[in-house]
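I opened this model to look up a few side chains and their surroundings. My entries follow in the order in which I made them.

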Amino acid sequence: MTSTTETTSRYQIVAQEDRCAPRASVSIPATLRPSGSSGFSVVVTDLSVAGFACQAVTGIKPGMLCWLTLPGLSGLQAEVVWNNGSMVGCAFARLLNQAVLDLVVSRYRTSQPELR
């Protein structure tokens with residue numbers, strides 16, 4: 001039997017290390033809210049079923065929980081994986097539904113090709 005912790009740990013490794021899911025280049029105005037803090041505006045530039053990257057000048061650290069609110073959707077829980085000072089990368093707590101991803105990407109895709 002696999003525990004929730006083991007499953008979460010494996011998911012985080014696969015989602016971030018292998019970049020298992022194709023990423024789409026997008027430009028989406030959104031809100032990022034770190035746990036216990038107020039939300040602030042960001043621009044999501046990279047989106048997949050496993051996570052996202054956004055432009056954000058913030059001190060949130062890897063391991064922190066946050067919620068991403070995309071236009072028309074409720075908050076999506078994620079964990080900060082990296083922060084380089086101007087961009088933040090996060091892994092969703094639960095994979096984003098492929099149909100939802102397709103809809104969002106169709107509305108906000110940039111002219112850049114799909115990222116791998």
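**Entry 1: an aromatic pair**

I noted that F52 and F92 are both buried. I worked throughout on a predicted model. I then searched for aromatic pairs, and the count came to 1. The ring centres of F52 and F92 are 5.4 Å apart and the planes stand at 40°, so I recorded the pair as tilted; stacked would require planes under 30 degrees apart, and edge-to-face over 60. I placed F52 in strand β3 (residues 51-55) and F92 in strand β6 (residues 87-92), so the pair ties together parts that are 40 residues apart in sequence.

**Entry 2: I28**

I located I28 in strand β1, which covers residues 24-34.

**Entry 3: R23**

I found R23 in the loop between α1 (4-17) and β1. The relative accessibility of R23 is 15%, so I counted R23 as buried, given the limit of under 20%. I then checked the side chain of R23 for a partner and recorded a polar contact of 3.0 Å with the side chain of D46.

Definitions and conventions
Residues numbered from 1 in each chain as written. Predicted model: local features only at pLDDT ≥ 70, side-chain atom pairs only at ≥ 80, totals over all residues. Heavy atoms only, no water. Helix = DSSP H or I, 4+ residues; strand = E, 2+ residues; numbered from the N terminus. Buried < 20%, exposed > 50% of the residue type's maximum accessible area, 1.4 Å probe, protein only. Polar contact = N/O pair within 3.5 Å; in protein donor to acceptor, adjacent residues only side chain to side chain. Phe/Tyr/Trp six-rings, centres within 6.5 Å; stacked < 30°, edge-to-face > 60°.
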